[in-house]
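The following exercises are to be worked through with the sequence and the structure at hand. Each task is followed by a solution in steps.

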Amino acid sequence: MTYEMTGTIKKIGDLQTFPSGFEKRELLLNDEDPRFPQDIAFSFTRDRTKLLDQFAEGERAKVSFDIRCREFNDRHYID
């Protein structure tokens, strides 16, 4: 299932490249909820990291995303 969120871009992270060749870039989006505003972090991986090149901090943006959970050493991680 795909979800969407609209908010103001608070921070666009630098491209991180790992020895395996994996690439990752993070986006921090403020959801602007009038009662409890929160910053939500999104991870862009592989070729999707280039999508962030067209945006700047302070702009409003809509992000479509999927939620994924994985297990490692009896701990669960949500991306």
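**Exercise 1. The elements of the chain**

How many helices and how many strands does the chain have?

*Solution.* The model is predicted: local features need pLDDT of at least 70 and side-chain atom pairs count only at pLDDT 80 or more, whereas totals for chains, interfaces and linings use all residues. Residues are numbered from 1 along each chain as its sequence is written, and side-chain values use heavy atoms, with hydrogens and water left out.

Step 1. The terms come first: helices (H or I, at least four residues) and strands (E, at least two) are DSSP runs, numbered from the N terminus.
Step 2. On this basis the chain has zero helices and seven strands.
Step 3. Read from the N terminus, the order is β-β-β-β-β-β-β.
Step 4. The C-alpha trace spans about 40 × 30 × 20 Å along its principal axes.

**Exercise 2. Surface and charge**

What percentage of the residues of the chain count as buried? Describe the surface and the charges as well.

*Solution.* 
Step 1. Buried means under 20% relative accessible area, exposed over 50%, and partly exposed in between (1.4 Å probe, protein chains only).
Step 2. By this rule, 18% of the 79 residues are buried.
Step 3. The accessible surface of the chain (Shrake-Rupley method, 1.4 Å probe) comes to about 6,400 Å², and carbon and sulfur atoms hold 49% of this area.
Step 4. For the charges, Lys and Arg count as positive and Asp and Glu as negative, while His and the chain ends are not counted. Each charge is placed at NZ of Lys, CZ of Arg, CG of Asp or CD of Glu.
Step 5. The chain has 13 positive and 16 negative charges, and their mean positions are 1 Å apart.

**Exercise 3. The nonpolar core**

Which residues make up the largest nonpolar core?

*Solution.* 
Step 1. A nonpolar core is a set of buried Ala, Val, Leu, Ile, Met, Phe, Trp, Tyr and Cys residues joined through side-chain atoms within 4.5 Å.
Step 2. The largest such core has 10 residues: Met5, Ile9, Ile12, Leu27, Leu29, Phe42, Phe44, Leu52, Ala61 and Val63.
Step 3. Two or more residues of this core come from each of strand 1 (3-12), strand 3 (23-30), strand 4 (39-45) and strand 5 (60-65). Strand 1 gives the largest share, three residues.
Step 4. Leu27 may be followed through its contacts (heavy atoms within 4.5 Å). Apart from residues up to four places away in sequence, Leu27 touches Ile9, Lys11, Ile12, Ile40, Ala41, Phe42, Phe44, Leu52 and Val63.

**Exercise 4. Serine 64**

Which residues does serine 64 touch, not counting residues up to four places away in sequence?

*Solution.* 
Step 1. Serine 64 is found in strand 5. Serine 64 is partly exposed, since its relative accessible area is 47%.
Step 2. Its contacts under this condition are Thr2, Tyr3 and Glu4.
Step 3. The C-alpha atoms of serine 64 and tyrosine 3 are separated by 5.6 Å, although the two residues are 61 residues apart along the chain.
Step 4. Side chain to side chain, serine 64 makes a polar contact with glutamate 4 (3.4 Å).

Conventions. A polar contact is a pair of N or O atoms within 3.5 Å; within protein, one must be able to donate a hydrogen and the other to accept it, and residues adjacent in sequence count only if both atoms are side-chain atoms.
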